[in-house]
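Dear colleague,

Please find the structure below, together with its sequence.

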Amino acid sequence: MLREAGNSAEDTLEGYVEGILFRNEENGYTVFVISNASEEMTCTGVIAAVSTGQYMQLRGKFVDHSVYGRQFSVLSYSFKEPHTSEAFLRFMSSGGLPGIRKRRAAKITDRFGDDAYRIMLEEPEKLAKEIKGISKAQAYEFQRLLVERKQENDARMFLQKLGIGAALSEKIYKYYGERIYTVIKENPYRLAEDVKSIGFKTADEIVMRSGISVDRRFRIRGAVVYILEAAVGAGHTYLPLSVLKTKVFELIGDAGDDIEAVVSDLAIEKKLVVKSGEEEDYFVYLPSYWHMEVNVADRLHALMCAAQEMEGQEQLKCDDQTGTDMLAIEEEMGVTFDKAQRDAVVSGVTKGITVITGGPGTGKTTIINAIIKIYLSMGLSVELAAPTGRAAKRLSETTGLDAQTIHRLLGYAPLFADGEELSDEDADSRMAFEYNAENPLEADVVIIDEMSMVDLWLMNALLNALPDGTRLIMVGDCDQLPSVGAGNVLGDIITSGVFPVSRLEKIFRQAAQSDIVSNAHRINKGEPVDLGKPSKDFLFIRRDTDEKIISAIYTLVTDKLPKYVEADKSEIQILTPSRMSKLGVERLNTVMQKLINPPAPGKREKEFRGIIFREGDKVMQIKNDYGLEWLRTDSAGITESGTGVYNGDTGILERVSTFDETVTVVFDDGRRVDYAFAELDELELAYAITIHKAQGSEYPAVVIPMYPAPKMLMNRKLLYTAVTRARKCVCLVGLPECFVSMEENQYESYRYSSLRKRICERYSLQQL
């Protein structure tokens, strides 16, 4: 019977599966019709193997789809076994078991009636004996399939009773099968270790709901691994044991002396690495991050030492000879280097490892161009790369050479074969770099820009792909925000004192005329900035409420700034410290969308997870997708195709098609990309973005609201990074006291990173 529960917290439905409209075999997402004789309903949800004719009991919610109308969204479900002749005939006639169709099913029900299902399940030999055309082997195979189906159904129902959703139940059962009962009984925290998407907190909730008595060390063990994984997400590569103990206490209460025993056991199992640290404390690592730090230190030293061995062989021009070459380079480029800039060029040309760091206007780009010219004149190959697509594009524009993301340089791509389909999670776990230690890059020189954004994982991959003898030049501003991923790579390389570092502090005369540049340096040094000073490119507009700030931002973005900086309004970027504050990303995007791109007749839109995507919206790609296909047509009508859209790429949503359920985005560089509705989690509105997201990018003008937000985000480094994103104009709108408090707040979340220690240890070994 089809039932609707009315206004209860969850609605219920019962009925036969009439038809399956869509099914994704990778994740179990299914669109199906459930019915009885008088009515039917389209249902959606993650369902295990399902066949037409099965009788289902569903719990979920009725929803109204903008295109497909009223539907039932399934949260949990169960299959009712076909104990009546009607149910049995319906199930078997629809292909419930291979080898049984309508005619054979009718024979079975005619002979056994309502007992047909039980006979097949419990007395298969009777089925073979009394139904012509069914052998004993076939009967036992039917029994095996029914038992297997029943076990799967029972196991999933068991998991759902523990509060685990259908999608997660499917993953758990796929991993453990019938062992799931033993795992839940003995140590449910194994779920967090073995199954992706299940963290410690989910496992902990299962334990609490089930009332199972579990050895407290299992809980401590789960908490330790969970805390270390969370620490990696916060940028750390390890935690001191003392800090780990504190965090375990905050999460689950007093663990006593058991925590040290648990950490020791995990280290013996090689699931953790424990090393002596500082002040009689220990450093506790997830193994991969320990090995990456060691490997990065080893590879950096190998590159440096290989170059030292080659210096006498290659006769690279240095000292007086380089001085002569430098004069020619200066004349060709129309510049005059000071000593620090000249030393940076010489280091870049003569050393195996070179770091060039400095703020805006200090000539980093000019030095890169000089180094490139010298290497090319020597007949050496040069590769240019940056962590993000926007940063790579900017590097290409300033050098006139092709530049690409580090991922693209290293050939980051799926491992699976063409035509093989995987879930997003499985695909992410099966990505790999084409270029690595076994298949290194063929490049004499590699120059990486925006090095402050490079995390430990990416640095490890890069160094694995560089053969000994390759020269590595790292360029960045060490005063900008650190990488989103774990590690403090640029900072640790600089502070190790092992490698040549060129610090650029003098501002070029032309750059010094810009208040953006001069005020950025004042902010970085903590010096007062005159917010009332008339300026052509650094403006502070005082507004005292969030509504007035929003109004001023709208006027700047749509009217004042586009004409002033000679750019389209879509190129003007609003940058804000936070996502959730009164003037955070989420509210600003919602408001700006209504003001800049309101609904209009004929303007199609698609709602996805609470976000409205409307034709004409400014959007941003929020994760690297190397398999996403694009087309680009130039002014001559020549079409180019390729794959890869990267985190931070922005564009305009050109088209929403409900017919084929896609949206089309045209990115800033002309790439046209189609996204299926199910892929919209890769996009978000981009009228406003966080300052973190803008790192490595540059815009004609930026607008920054100055309004209270969480104190940890209102700091000097964030303000400095935001201001340096603008080429022609910075507009700060709001309360002057917020600007002052940001500049004075030197809060920077400390990162536990021991790469500097590993580099120094490796250098000391080399000296022995």
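Predicted model: local features only at pLDDT ≥ 70, side-chain atom pairs only at ≥ 80, totals over all residues.

Residues are numbered from 1 along each chain as its sequence is written, and side-chain values use heavy atoms, with hydrogens and water left out.

Helix packing

Two packed helices are described by the angle between their axes and the distance between the axes. Axes are lines fitted to C-alpha atoms, for helices over the stretch in contact, with angles from 0 to 180 degrees between N-to-C directions. Helices (H or I, at least four residues) and strands (E, at least two) are DSSP runs, numbered from the N terminus.

Helix H1 (residues 85-93) and helix H2 (residues 102-112) have axes that come within 8 Å and cross at roughly 160°. H1 is therefore roughly antiparallel to H2 (angles under 35 degrees count as roughly parallel, over 145 as roughly antiparallel, 65 to 115 as roughly perpendicular and the rest as oblique). Their crossing is right-handed (the near helix is turned clockwise from the far one by less than a right angle). On the H1 side, Ser 85, Phe 88, Leu 89, Met 92 and Ser 93 meet Lys 102, Ala 105, Ala 106, Ile 108 and Thr 109 of H2, where contact means heavy atoms within 4.5 Å. By class, six nonpolar, three polar and one charged residues make up this contact (Ala, Val, Leu, Ile, Met, Phe, Trp, Tyr, Cys and Pro count as nonpolar, Asp, Glu, Lys and Arg as charged, and the others, Gly among them, as polar).

Helix H10 (residues 216-233) packs with helix H12 (residues 258-268) at about 70°, their axes being 9 Å apart. H10 and H12 are therefore roughly perpendicular to each other. The contact of H10 with H12 holds eight nonpolar, no polar and five charged residues.

For helix H23 (residues 515-525) and helix H27 (residues 716-723), the packing angle is about 170° and the axes are 9 Å apart. H23 and H27 are therefore roughly antiparallel. H23 contributes Ile 516, Ala 520, Ile 523, Asn 524 and Lys 525, and H27 contributes Arg 716, Leu 719, Tyr 720 and Val 723. These residues divide into six nonpolar, one polar and two charged.

Individual residues

Lys 728 lies in strand S30 (residues 726-734). Leaving aside neighbours within four places in sequence, Lys 728 contacts Ile 516, Asp 537, Val 565, Glu 566, Tyr 699 and Pro 700. Lys 728 is partly exposed, at 42% relative accessible area (buried means under 20%, exposed over 50%, partly exposed in between, with a 1.4 Å probe and protein chains only). Its C-alpha atom is separated by 72 Å from that of Pro 82, 646 residues apart along the chain.

Ser 452 is in the loop between strand S14 (445-448) and helix H20 (456-464). Ser 452 is buried, with a relative accessible area of 7%. Residues up to four places away in sequence not counted, its contacts include Asp 477, Leu 490 and Gln 695.

Cysteines

The count of disulfides (pairs of cysteine sulfur atoms within 2.5 Å) is zero. The sulfur of Cys 760 is 14 Å from the closest cysteine sulfur, in Cys 305, which is too far for a bond. Cys 760 is partly exposed at 25% relative accessible area, whereas Cys 43 is buried at 0%.

With kind regards
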